[in-house]
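Keep the model in view as you read.

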Amino acid sequence: MDQSALIAELEEAGRDAETTSDIVRRLAEPGADAAPGLVAALGKVSRFALWGLRDALRLIGPAGYDAAVAARARAEKVPDWWELGHVLRSFDERCIPQYTATLSHPMKDLRHQALWGLENLGEAAAGTITDVIPFLNDRDQRLQYQAEKTVRAIGAHAGPTLRAIRRDGPGHLRRHALTALALTGGRDQFDLRDRQALERLVRMKAGHDRLDSLPNHRWLAVSGAQYEHLFDVMGLHDRIPCTIAMGLSAMENDVAVVTDPDGAKRTAYRVFVTPELDGWRLIYADTPLGNMSWDVDDLLDRLSAVCGQAQFFCQDEHSDSMIWSVAIDGVSHRQYWRYGDPEWRGEPMEWEQPLTDDPDYDPEGGHDPDASMETEVDFAAHSLSVDPFMVGDRTTMRGHAWLAITSPDVGHDAFAGVTRI
């Protein structure tokens, strides 16, 4: 049966896995001779048939990959580029040499797909690490970000090669190798020289941090001028300089359970402290704040005693809960909690508008006597310090960010996932 008839059968097979598997095998049987026709059909079939053509090309292997690359290289704009891209990043270990060669292809989107394909291969692509790491400092942010994902997917298997580069060169790869080592973990095993080099690299990157919207569901804020005291008050350890991207990615995996020498288990959390933003440092400690590992009122009092002022903000889109709270010089000053009893505590602040000014105010509504109209967390944050969702090019940023841990003798490598730099 010719290729066109088999593709038609593939369309008719739909979700029938057994029939589809048999057709895919038959499509791949001619090997390299079948690849150009399969690639040409990619943009002309349904989504279900596309997966079958992809699997057939993957069975064919390097010749299938080469046919897909050739199809992309023939034109600047290809109507079925989405399909080609999906196929290109789906090949197995037999195509590692092809992926590596494509990293130097003149077309940027092909380089991107090659990096993505190596990411999908994970540990099996460890031998390509010297070809991948130069992209960690590529001028194109899309390629740079994909290279970071690829290095993280390869993981610790690249460690010996990267450490050898740090030790023996070549010199032009040493900086890239340092970045890759930080991405793959093992930071706590760095020798003093590499640790100092990494801190210099992070501080340099932090100087060019891109400031964009920050998470606005749960955070603390303290005065930037006196923020140094927060680490002691919050009982934080092992703080290291970080970029904003590094801190945000660390928050994706901010919990570690460690076993002490005596067999006892304890839970540690990572805390991200932003650079100074318009005079304020924001503190992200999502999990411990969310599960109330701290008494927030007590924490705010203690933070404000050493930082002058401390604030807490929380908004839960699921429960529609809203909380904002302010402590000044060690004393709770003002708090709103939508589901609290009472909702309001403390005297209204100068920027608040009394609830009695609301045209719909009902004096019989049982409102707290000190209630105001300012219940929204984002408005309170904007009035008190910084609304993280609104930070951007007009925000004045000073210093660099920090990552720290809530428990001693844990180390950053104890946390799952890998942080960006």
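Start with helix α2, residues 17-28. α2 has 12 residues and reaches 16 Å from its first C-alpha to its last, close to the 16 Å expected at 1.5 Å a residue. That expected span is 1.5 Å times one less than the number of residues. Helices here are DSSP runs of H or I with at least four residues, strands are runs of E with at least two, and both are numbered from the N terminus.

This is a predicted model: local features need pLDDT of at least 70, side-chain atom pairs count only at pLDDT 80 or more, and totals for chains, interfaces and linings use all residues. Residues are numbered from 1 along each chain as its sequence is written, and side-chain values use heavy atoms, leaving out hydrogens and water.

Which residues of α2 are buried? They are Thr-20, Ile-23, Val-24, Leu-27 and Ala-28. Buried means under 20% relative accessible area, with a 1.4 Å probe and protein chains only. Seen down the axis of α2, the buried residues fall within an arc of 130°, so they line one face of the helix. The arc is taken from the directions from the helix axis to the C-beta atoms. Their cover includes α1 (3-13), α3 (35-40) and α4 (47-60).

Now move to the loop between β10 (344-346) and α18 (377-384), where Thr-375 is found. Thr-375 counts as buried because its relative accessibility is 18%. Leaving aside neighbours within four places in sequence, Thr-375 is in contact (heavy atoms within 4.5 Å) with Met-322, Trp-324, Tyr-336, Arg-338 and Trp-344.

Conventions: Buried < 20%, exposed > 50% of the residue type's maximum accessible area, 1.4 Å probe, protein only.
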